[in-house]
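Work through the exercises below with the sequence and the structure in view, and try each task before reading its solution.

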Amino acid sequence: MVPPGEQPDDKFRILCVDGGGIRGLISALVIAEIERLLQARDGDGARIADYFHLFSGTSTGGLIALALTRPDPAPGSELAGFYTEDGPKIFHRGLGRKLLTGWGTLGPKYDNAPLREAVLDRLGDGHLANATRELLVTSYDMTKREPFFFKRWKAQKDPAWNFAVTDAALSTAAAPTYFPCHELEGRALVDGGVFAANPAIAAIAEALGRTADPRPSLDDMLVVSIGTGEFETGFPPSQVRGWGDLGWIAGGGDEPPILAAMLGGSADGTDYWAHMLLNHEPGEARPTAEEIGRGERYFRFQAHLDGAIEMDDVSRETLEVLLPKAAEKLIEERRAEIEAIVGRLKPI
C-alpha cells in the first residue's frame, strides 16, 4: 500500500472489461466518457490505448479490448456502434434457426456468421502481434478442459501463437448455448466467462508474471475494471432443488441459470479478491460491499440495472433507453472517481 501522504506511481495500468453480451454497451459508453475527458485535456487525437499498458477482456469485454488496441483504433465514441448497429444482426435468428435448434435446446441459439462479419468490419483482419498494447483475452478450451488466453507478448515471441484477431474474438464471445464453440487448431474454445467473467485477477496475475519492463509489483498497479451491469434474480430452494439438466438450462427464463450463476459468481468473487490484493491494508477490518472497488489501486465500475436484461436482448428500448440510461447513471454517480482516475493517467 502507498504510505500516507504519498501518491501512487501507477507504474503499470490495466483496463479490464467483463463479459455480458449486449450489455457491453454500458462498458463502451463508460470507456467513451473516459476517453472524452482525456481528449479534453490532451487533444482530440488521444486514445485510451495511449494510457494503459494492458487491456484484458472476457467475451464482449474481449471484443472491446481487441477494438481498443487495434492499430489506428477508432475513437471510443464509436464503440457503441458494435452494440447499437451490429447487435441486432448478431442476435437475430429466424424461424428456421429456431426450429433447427429447438429454440436453443438442441443447439446454439445463434449462428456466429454475423458476429464474424461485425468483427472483421470493426476489428479488421490483423493478428495479435499487431496490437498496440499488451492484451489478455480469455477463453476456455473444452477439449483440454483448461483456460486458454490470447496474448500479444506471446504472439510477438512465437509466430505459432500469433492468432488472427477474428480467432480471439470468436473464441472469447462463444457463450455456451448462445454461439457455437470456435474451433482453433484442434481446440474447442468457448467464452472465457465460464471461469473469468471479470478478468481482473487474470490480468493482475499476468502483470506480475512479466519479465519485460515495466515489471510491476502490486503497489505499482492501477486497475480499472468495468462491468456490464447487474440485476440478480434469485431463486428459492423450492425451485432450485427440482432442477435437472433442463432446469439449469431453461429454469430461469431466457438466460440459463447455470450461465448466470457462473458469470455472476465469478465476477463478484474476482471483485472482492482484486480489492483485497490492491486496496486492502493487512490488519484492517474487512471491507463492506459499498467499499469494494473504490480505489486507490483497484476501481470497479458496475451499473445497477432496474430489471433483468438478457445478454441477447436487442430490443429498441434496451439499446436506446435502458442501457444508455444505466451507463449515464453510473458515470454521474462515480464522476469524481472517474475524473480522479483520468487525472492519474499519463501517456505511455
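**Exercise 1.** What does the accessible surface of the chain come to, and which share of this surface belongs to carbon and sulfur atoms?

*Solution.* The model is a predicted one, and the accessible surface computed for the chain comes to about 15,700 Å². Of that surface, 53% belongs to carbon and sulfur atoms. Turning from the surface to the interior, 53% of the 348 residues of the chain count as buried.

**Exercise 2.** Determine whether the radius of gyration of the chain agrees with that of a compact globule, and describe the fold around that value.

*Solution.* Begin with the expectation: a compact globule with 348 residues would have a radius of gyration near 20 Å, and because the chain has 19 Å, the two agree. Next, take the extent of the C-alpha trace, which spans about 60 × 50 × 40 Å along its principal axes. Then count the secondary structure, which amounts to 15 helices and eight strands. Finally, consider the contacts with a separation of 6 or more, of which 73% are made by residues 24 or more positions apart.

**Exercise 3.** How many positive and negative side chains does the chain have, and how far apart are the centres of the two sets?

*Solution.* The chain has 36 positive side chains and 52 negative ones. The centres of these two sets lie 3 Å apart.

Methods. Residues are numbered from 1 along each chain as its sequence is written. This is a predicted model: local features need pLDDT of at least 70, side-chain atom pairs count only at pLDDT 80 or more; totals for chains, interfaces and linings use all residues. Side-chain values use heavy atoms; hydrogens and water are left out. Helices (H or I, at least four residues) and strands (E, at least two) are DSSP runs, numbered from the N terminus. The radius of gyration is taken over C-alpha atoms; the globule rule is 2.2 Å times the number of residues to the power 0.38. Buried means under 20% relative accessible area, exposed over 50%, partly exposed in between (1.4 Å probe, protein chains only). Contact means heavy atoms within 4.5 Å. Accessible areas come from the Shrake-Rupley method with a 1.4 Å probe; for residues, only the protein chains shown count as cover. Lys and Arg count as positive and Asp and Glu as negative; His and the chain ends are not counted. The place of a charge is taken as NZ of Lys, CZ of Arg, CG of Asp or CD of Glu.
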